[in-house]
Amino acid sequence: MEFLFRAINEEDANVIISYKHGNDYQCFDADKHASDIDTLLASDSVDFYVAVNEEDEIIGFSEVTFDEDGLMEMSGALLPEYAGEGLGYDFLTQCIDYLVDKYDYDQPTLITLVKPEDRRAVKVFERVGFQLVEETDEWILMSIEI
């Protein structure tokens, strides 16, 4: 599947934070994160993007920030109904390509942080080529050479 990426807007943010589910996929929940819509739309340090299909339906989202050395930190997630459908590899590779191009990123490495309990995401990041850098109780730091 080909994904198209665009900067998040208010309608997109509402879609993303509206998801509630009982499975083990990680996602936003508006009842628990009432201020997330403001964060998604107005963060000075993090840029948010949505991935849409050809029908302009939101399939997933990504976020990007840069550390003090200019190293790109990105993450991405599919919406729950698309998780587990075999789209993760294409989504992440296209997301990386989009962000590297958009920011004219010329560093040899980018990183991501994944929650330790989100083992499905870890597996997808590993299939894309990310490698474990460090693991704590709160985060798994992974990097990829690009």
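This is a predicted model: local features need pLDDT of at least 70, side-chain atom pairs count only at pLDDT 80 or more; totals for chains, interfaces and linings use all residues.
**Entry 1: Cys95**

In which helix is Cys95 found? I located Cys95 in helix H3, residues 88-102; helices (H or I, at least four residues) and strands (E, at least two) are DSSP runs, numbered from the N terminus. Residues are numbered from 1 along each chain as its sequence is written, and side-chain values use heavy atoms, with hydrogens and water left out.

I then looked up the accessibility of Cys95, which is buried at a relative accessible area of 0% (buried is under 20%, exposed over 50%, partly exposed in between; 1.4 Å probe, protein chains only). Not counting residues up to four places away in sequence, Cys95 touches Phe5, Ser62 and Met74, a contact being heavy atoms within 4.5 Å. Phe5 and Cys95 are 90 residues apart in sequence, yet their C-alpha atoms are 7.7 Å apart.

**Entry 2: the chain**

I recorded 4 helices and 7 strands in the protein chain, in the order β-α-α-β-β-β-α-β-α-β-β from the N terminus. Of its 146 residues, 43% count as buried. Among contacts between residues at least 6 apart in sequence, 55% join residues at least 24 apart.

**Entry 3: salt bridges**

Arg6, Asp12 and Asp56 are linked in a network. The closest N and O atoms are 2.7 Å apart for Asp12 and Arg6. Asp12 is buried at 3% relative accessibility, whereas Arg6 is partly exposed at 24%. For Asp56 and Arg6 the corresponding distance is 2.5 Å. Because Asp56 lies in the loop between S2 and S3 and Arg6 in strand S1 (residues 4-7), this pair ties together parts 50 residues apart in sequence.

I also noted the salt bridge of Glu135 with Arg119, at 3.3 Å, N to O. Glu135 belongs to strand S6 (residues 131-135) and Arg119 to helix H4 (residues 119-128), so the pair ties together parts 16 residues apart in sequence. Glu135 is partly exposed at 42%, and Arg119 is partly exposed at 41%.

**Entry 4: Glu54**

I placed Glu54 in the loop between strand S2 (47-52) and strand S3 (58-66). Glu54 is exposed, with a relative accessible area of 69%.

Technical notes: A salt bridge is a side-chain nitrogen of Lys or Arg within 4 Å of a carboxyl oxygen of Asp or Glu.
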